[in-house]
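Dear colleague,

Please keep both at hand as you read.

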Protein chains: 2
Amino acid sequence: MPLPLNGVTVLDLTHVLAGPFCSMTFADMGARVIKVERPGGGDDTRAFPPFKDGKSAYFAAINHGKKSIALDLKLDADRAIFDRLLAKSDILLENYRPGVMERLGYGWDSLHARFPRLIYGAVSGFGHTGPDAKRPAYDMVVQARGGVMSITGEKDRDPVRVGASIGDIVAGMFLAQGVLTALYDREHTGKGHKIDVAMLDSQLAILEHAVALTTVTGKPPAPSGARHPSITPFETFHASDGLFVIAAGNDVLFEKLCVALQLPFAEDARFATNPARCENARLLKRLIEAVTLENTRAYWIAKLTAAGIPTGPIQDVAQVLKDPQILARNMVVDVLDRNGRAAYKAAGNPIKMSDVPDATTRAPAPDLDGNRGEILRWIDEG
Amino acid sequence: MPLPLNGVTVLDLTHVLAGPFCSMTFADMGARVIKVERPGGGDDTRAFPPFKDGKSAYFAAINHGKKSIALDLKLDADRAIFDRLLAKSDILLENYRPGVMERLGYGWDSLHARFPRLIYGAVSGFGHTGPDAKRPAYDMVVQARGGVMSITGEKDRDPVRVGASIGDIVAGMFLAQGVLTALYDREHTGKGHKIDVAMLDSQLAILEHAVALTTVTGKPPAPSGARHPSITPFETFHASDGLFVIAAGNDVLFEKLCVALQLPFAEDARFATNPARCENARLLKRLIEAVTLENTRAYWIAKLTAAGIPTGPIQDVAQVLKDPQILARNMVVDVLDRNGRAAYKAAGNPIKMSDVPDATTRAPAPDLDGNRGEILRWIDEG
C-alpha cells in the first residue's frame, strides 16, 4: 500500500535536530529523504552519545530511513550533482545561519527562478528577518529567551529547562506543517514557496495561556512547580510509594474525587469552586495527601480511573517505553541495522492514519555518504 | 493574495486546547473554520480566565478567525444542519473520548462511506486503540505519564511540569501535520483518511535524546535543572543582575568562550573535551560565574554574541512580548473585536511563507453561535 508521501523527494541539508526531526516525519510518511552531508564528519549528531556498536543511537533515532550523500557545496563537481538533485526534488530543507545559502549561490530567489516548483523550508534560531537574524542559537538559548523557562520550575527557585529539546522540535514541527501546506498549495498553483521558521518564534507560539495572562493583566506568570497555575487540584500528589498526578479539571470531577477519597468537602466553601480551590490550594493538597499517603500509586490510579477522574503515574523514560498503551500504539519501533537486525529502539510515528500501514520497524540510519551510488544512479534515471 | 488553505473548510468539533490549536493554524493559513459548539456554554475555555470586557482572552487567543454555530448533535434538526455541513467540508476535527462519535452516528466508518473525500482528524488523550483508549486525560496526565516531567526539574527534587501545555499543543501540531498530509494525498486519490493522534504518543515522540539514552544504557535520564544533560557549558549562569544562558555546544565555541571571558583553560585537561567538561561541570560553572558575576547580563550577552557564542537572556513572558526580534517577526498580533478595534494580543503565526501575507491582526474570536445566520446561508448556496 502506498504511503501518502510516496513520490515526494526531500533534499535535506539540515543537521542536528530541528531540521532532521522535520525530515524524519516526512520519511515516516513515505517521502524519499536524501540527506546531503559535509564530507569528513557529516551531521554533528553522528558524534553524539550514546553509542551502540560505535554508532550514535541519537543520530539513528532521528535519521532512520534517510539516504546519505556527502557533498561539498563549494566544489564544482559536487555542485553539479547538487544541481541535478535539486532538479529532481520537491522540497529542499536547510538550517544554516541566514545568508549561508545565498553565499553558496542557493538562495531562495535564485532557486525559485531556476526551479519554480521547488519548496524551500528553512529553520533557524531567530528566522531570516529581524535584527538578530544572524545570531547563532541552540535549543537552550530559545527556551530561555522565548519564555518557557520563566514558567517552568519551582516558585522562588531558579527556572529550569524543559527536559525535552522543545526549542528545536517544535520549530521542526512548524516547519513540517508549513512545507506540507506549501505542498498542497503547489497542487493548485504549480509554484513552490519558501517557508522561514524561527526557533524563537516557535517558542512564543506555544505559550497560549501565559501570553493571554500577560497581555490582559500586564503581569507575566511565574513558574508553579508541578501545579497547573489556574486549576486546582491539578498537580502531583504523594502516594505511599511515590508521586502520581490528579487532574480534576472542573467541579464535577472534583466532586467525584471527594467521593473516591471519602473527603467530606461537599459543603465546604473553601473548596466549592475552582477559584476558591486555587486560593486554598496548599491546604487542599495537604488534605488530599493525608489520604493518598495511606495507599500506593497503583491503588489510587486504579480507583480514581474507575471513578472517571483523569489520573496517572509520573513515569521515567524506561517506564514509558514499557507502558502497555504506548506498546499497543506501536510507539516504540525497532531501527534496523544494515543486516536487517533490530539495532536500536526509537519513538514511533504519533500520526496514525487509516489505510496507511504503521510499520513496526524503520530502515537503518544511513552511513555518511552510504547511498552515493544509489543516489547517482537515481539521478541518471532522468 | 489568496492564502494557501483558501477554499478549504474545516468543521471543528474540538474544544479546550489540542484540537482548537490545530484548527487555529489552519485558520491562519486561510481555511474556513466552522466551530461547532454545544448550546448553552460552548467551548469550556470561554469560561477560562483571564477575562477582558467579560470575555475570555484565553479563548480569544486560540479561536480567533473562526466562525461559531451551536448545535446539539442529539437533536434531529441540528443533525440535519450538521449533515449538510459535513457535505460541504474537507476536514472534520474532533477531540471527544473515543467512542463518542460512534454513539452519535458519526464514526469514521459511517462518515467515510457517506463522505469519501472527508478527512477526519481526531486527537485524544490515549488514542483510539489500546487498553487505555477510553480513559480521560488532561495535559498534566500525559506530561507525567509520557516521561517529560521525569527529565524536567532539579536533580534530587520532585519533577515539575513544563510551564507550557505541551501535552496538548504538541498533539495538536501532530494532528495538523497528519491532516495536511491527508489533504495532499487526497489530491491524488480522491479519498480522505482518518488521523488518530494521542497526546500520550505525542509526548514520547518528542523525547529524542532521552529515548536513545534509555534504550542504549538501560538507564532513564534524570532531570538536570537548567543544564543540558550531555553538553557543557550549556546552561544558565549568574551575571551581576540575574541569570543568562551560555550554550557553547562544541570545542570551538568553548575556546571562543575562554577567550571572551579571559579564562586560561587552553591547556587545561579538565576542560579539553566535552566529556571532560561534563565530568567537571560543577567546577567549570563556578569558574565561569566567578567572571560573569563581575558584570551585567546585557554586557555579557553583547560581548559573547560579538564573539559568535550562542547566548541570551532568560526572559519572562512580558519581556518576550516586547523582544525586538519577536516584534520584527510579527509574532505579536492584535486580535480584533467586533468593532474592528484591537482587543487582545496573541502570538502570531510562526510559519512565515513567501508570497503569503503575514497579517498583523486577526479576525475576532466568535461569540457562541455568533455566525449561525452566515453559516446557514453558506450551506444554502449549495
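Does Cys258(A) count as buried or exposed? Please bear in mind that this is a predicted model. At a relative accessibility of 8%, Cys258(A) counts as buried, since the cut-off for that class is under 20%.

The cysteines form no disulfides: a search over all chains of the whole structure returns zero. Cys258(A) takes part in none, and the cysteine sulfur nearest to it, which belongs to Cys278(A), is 15 Å away. Cys22(B) is likewise in no disulfide, with the sulfur of Cys22(A) as its nearest cysteine sulfur at 17 Å, and Cys22(B) is buried, its relative accessible area being 0%.

Finally, helix H13 of chain A, residues 297–306, has Trp300(A), Ile301(A), Leu304(A) and Thr305(A) as its buried residues. These cover an arc of only 125 degrees around the axis, and therefore lie on the same side of H13(A). They pack against strands S9, S10 and S11 and helices H10 and H12 of chain A, whereas the face of H13(A) turned away from the buried side carries the exposed residues Ala298(A) and Ala306(A). Just after H13(A), Gly308(A) adopts a positive phi of about 80 degrees.

Conventions: Residues numbered from 1 in each chain as written. Chains lettered and ligands numbered in written order. Predicted model: local features only at pLDDT ≥ 70, side-chain atom pairs only at ≥ 80, totals over all residues. Heavy atoms only, no water. Disulfide = S-S within 2.5 Å. Buried < 20%, exposed > 50% of the residue type's maximum accessible area, 1.4 Å probe, protein only. Helix = DSSP H or I, 4+ residues; strand = E, 2+ residues; numbered from the N terminus. Arc of directions from axis to C-beta. Contact = heavy atoms within 4.5 Å.
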